[in-house]
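Please consult the sequence and the structure alongside the text.

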Amino acid sequence: GGGGVMLVVWPVFRGGYLLRKPLGRGLCRSALRGAVAVPCKVATRAGGGAALHVAAAAAAAAARSHTSSAATSTTFGVFLLSRSSSSSFSSSSWVGARLFLAAVGVALGGVVSAAETEGDADQNGGDVAGGDGGLWSYSSAAYNANLPIEDRLAVQSSSKRTVAAVFDGHGGWQVADFAQQRLVRAISGRLDKLPGNLGDSPRNQIEQILKKSFEDTDAEWIELVREAFQHGFGHVSRVGACALVVVADEGHVVCANAGDCRAVLGKANAPAAALRHGPFEAVPLSSDHNAREAAEQLRLRQEHPDEANVVVCKNSSACYVKGRLQPTRALGDLYLKLHEFNGPSREAGNVDGSAGPHVPPPYTPPYITATPEVLLRSRDPRDSFIILATDGLWDFMESQEVVDFVGAVASTKSSLVDPRPGVAEALIREALRRAGAENSMSIDELKRIPPGRRRRSRHDDITVLVMFLN
């Protein structure tokens, strides 16, 4: 009818992958593992979001089961949450359910799509459209190489704007998880205090809000783990996360990036250009902050002129800050930021490194910064979608390839089902296909490798979020 539909799925098995069956509108999509279909359980709404509470409790139980027996293959739980236009299931609960879905999916380490909609369909002409905050709909998915997955994502939407983010953890999942909980909320809270939309405030004010939110989140992490480090938990100093945030309202798009995640805008070409270059143009919204990039190498060498090893390259595509880390901007990674988190040497008793990684002299931190690079652009009527993804996607696909892929899916005409909700999963599957081809494996052979070092040697965690703007 006039209601939106949300599919809540949690995979309680190791390294699974969810596939969508292109069923008709309103039918429950099955969750598949291999060729085995698992039936859906439908939770009917018993007033004011009761179904959400049932799904949340069940998913929490599934999470506990997954944690206690990560290697055990069990079943899927599926809840279908329906919201009619006359329902008391509130908009805030709907957004909360959507965020909950994304968080559960990433935390449990399979692929979970969050492609649901916001707003009343009867007011927006269909059940795939919301339109709130300059965002029409979005699709998201994640697939793990690590055990557990180290990526995270977040989406927060209001009537004024949408804030979306992906986080690529390294050395562990903890900083990505911390940023998922804090950074988007901090940015949204500060932007809410501004009058009007993004275009009604000076550009430098918007830029400072984004930068301060990143820097404050990093500072909060430092305060949180300082005492643990002092008590010998040295691992906390080498956990970090690249962070990418996109803010969109009706008139503007802002991107803040610290690390080598990437945001790309798909812009529809004019008819003449489309004949020569294809339907969509890939417009970069971020720059990769990686030690292989010439601009980042130059910045580091200017800041540390007396350190020949400030950037160490194994080859042209594998360069490392102080021989340790590829991203040059990130949250966390405290041993490359502050003297106090540089652990003692082996000679000083840190034989197993448990007191923290040690960087020998010359050592003049900070080398890594949490300050993002910020880009603000006015919306163009031809702006169609934005892809945010961790580098697990970009390792196998170029920006224009990804835009062409999303554009082809988004342009597909179907009277039964909107193809856009599954586009993030489809992108991940294409990246996995390419990863398999590089290793002379089929995608099914690749997926049979258990999460952990063996799978990680073939590909990284992959998280994709596609925001449809019209």
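Is Cys242 buried or exposed? With a relative accessibility of 1%, Cys242 counts as buried, where buried means under 20% relative accessible area, exposed over 50% and partly exposed in between (1.4 Å probe, protein chains only).

The model is predicted: local features need pLDDT of at least 70, side-chain atom pairs count only at pLDDT 80 or more, and totals for chains, interfaces and linings use all residues. Residues are numbered from 1 along each chain as its sequence is written, and side-chain values use heavy atoms, with hydrogens and water left out.

**Confidence.** The protein chain has a mean pLDDT (the predictor's confidence in each residue, from 0 to 100) of 77, and 69% of its residues reach 70 or more. Over residues 1-130 pLDDT stays under 50, and the model has 247 contacts beyond four places in sequence for them; a contact means heavy atoms within 4.5 Å. Where pLDDT is low, the predicted coordinates should not be read in detail.

**Strand β8.** Helices (H or I, at least four residues) and strands (E, at least two) are DSSP runs, numbered from the N terminus. In β8, nine of nine residues are buried. Thr162, Ala164, Val166, Asp168 and His170 point one way, Val163, Ala165, Phe167 and Gly169 the other. Two strands pair if DSSP finds at least two bridges between them. β8 pairs in the antiparallel sense with β7 (residues 151-157) over seven bridges, and a hairpin of four residues joins β7 to β8. Ala164 is the bridge partner of Val155. Nine bridges join β8 to β9, again in an antiparallel arrangement, with Val166 opposite Leu244 in β9.

**Nonpolar cores.** A nonpolar core is a set of buried Ala, Val, Leu, Ile, Met, Phe, Trp, Tyr and Cys residues joined through side-chain atoms within 4.5 Å. The largest has 37 residues, and Ile187 and Phe214 have the most contacts inside it. At least two residues of this core come from each of β8 (162-170), α4 (174-192), α5 (203-230), β9 (240-248), β10 (252-258) and β16 (373-378). Beyond its neighbours within four places in sequence, Phe214 contacts residues including Leu183, Ile187, Ala243, Val245 and Leu331. A second, separate core of 32 residues includes Ala268, Ala282, Leu446 and Val464.

**Helix α7.** Glu296, Gln297, Arg299 and Leu300 are the buried residues of α7 (residues 294-303). They lie on the same side of α7 because they cover an arc of only 160° around the axis, the arc being that of the directions from the helix axis to the C-beta atoms. The face turned away carries the exposed residues Ala294, Ala295, Leu298 and Gln302. Among the elements that cover the buried residues are β13 (311-315) and β14 (318-321).

**Cysteines.** The structure holds one disulfide, a disulfide being a pair of cysteine sulfur atoms within 2.5 Å. It joins Cys313 to Cys319, with an S to S distance of 2.0 Å. The torsion about this S-S bond is about 110°, so the disulfide is right-handed. Cys242 is in no disulfide, and the nearest cysteine sulfur, that of Cys261, is 5.3 Å away.

| Residue | Relative accessible area | Class |
|---|---|---|
| Cys313 | 41% | partly exposed |
| Cys319 | 1% | buried |
| Cys242 | 1% | buried |
| Cys255 | 1% | buried |
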